[in-house]
Amino acid sequence: FVLTLTGNVTLANPTTEQVGQSGFIVFVQDGTGNRTLSLESQYFTAGGLNTLALSTTANAVDVVPYIVKAAGEILLGTPQLNFS
């Protein structure tokens, strides 16, 4: 998935995830930058946070790995920040 952040965003709970599904979510800051990301209840991070610390620079590109552990339980890995 590739998502361009054009404002502060909440990553909504999906309805079509499959157990065992995995991949990457690419987050791209728009030309303004400083956009934040919040997570709904089905997303879990290593620290139990409901946000991910992404790059805030305009046009920054971050990559976040994920895996669907169970229905309604999506594990997010550590963001790889500021690809260029």
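1. The lining of the largest pocket is made up, by class, of 9 nonpolar, 2 polar and 1 charged residues, where Ala, Val, Leu, Ile, Met, Phe, Trp, Tyr, Cys and Pro count as nonpolar, Asp, Glu, Lys and Arg as charged, and the others, Gly among them, as polar. Among the residues that line this pocket are F1, L11, P14, E17, Y43 and I74. A pocket here is an open set of points on a 1 Å grid over the protein atoms alone, with protein on both sides within 12 Å along at least five of seven lines, and lining residues have an atom within 4 Å of a point.

2. Please keep in mind that this is a predicted model, in which local features need pLDDT of at least 70 and side-chain atom pairs count only at pLDDT 80 or more, while totals for chains, interfaces and linings use all residues. Residues are numbered from 1 along each chain as its sequence is written, and side-chain values use heavy atoms, with hydrogens and water left out.

3. The structure holds 2 salt bridges, each a side-chain nitrogen of Lys or Arg within 4 Å of a carboxyl oxygen of Asp or Glu. In one of them D30 pairs with R35, with the closest N and O atoms 2.8 Å apart; D30 is buried at 13% relative accessibility, and R35 is buried at 19%. Buried means under 20% relative accessible area, exposed over 50%, and partly exposed in between (1.4 Å probe, protein chains only).

4. K69 forms a salt bridge with E73, the closest N and O atoms lying 3.4 Å apart. Here K69 is exposed, at 51% relative accessibility, whereas E73 is partly exposed, at 23%.

Terms used:
1 Å grid on protein atoms, 1.4 Å probe; cavity = no way out; pocket = protein on both sides within 12 Å on 5 of 7 lines; lining within 4 Å.
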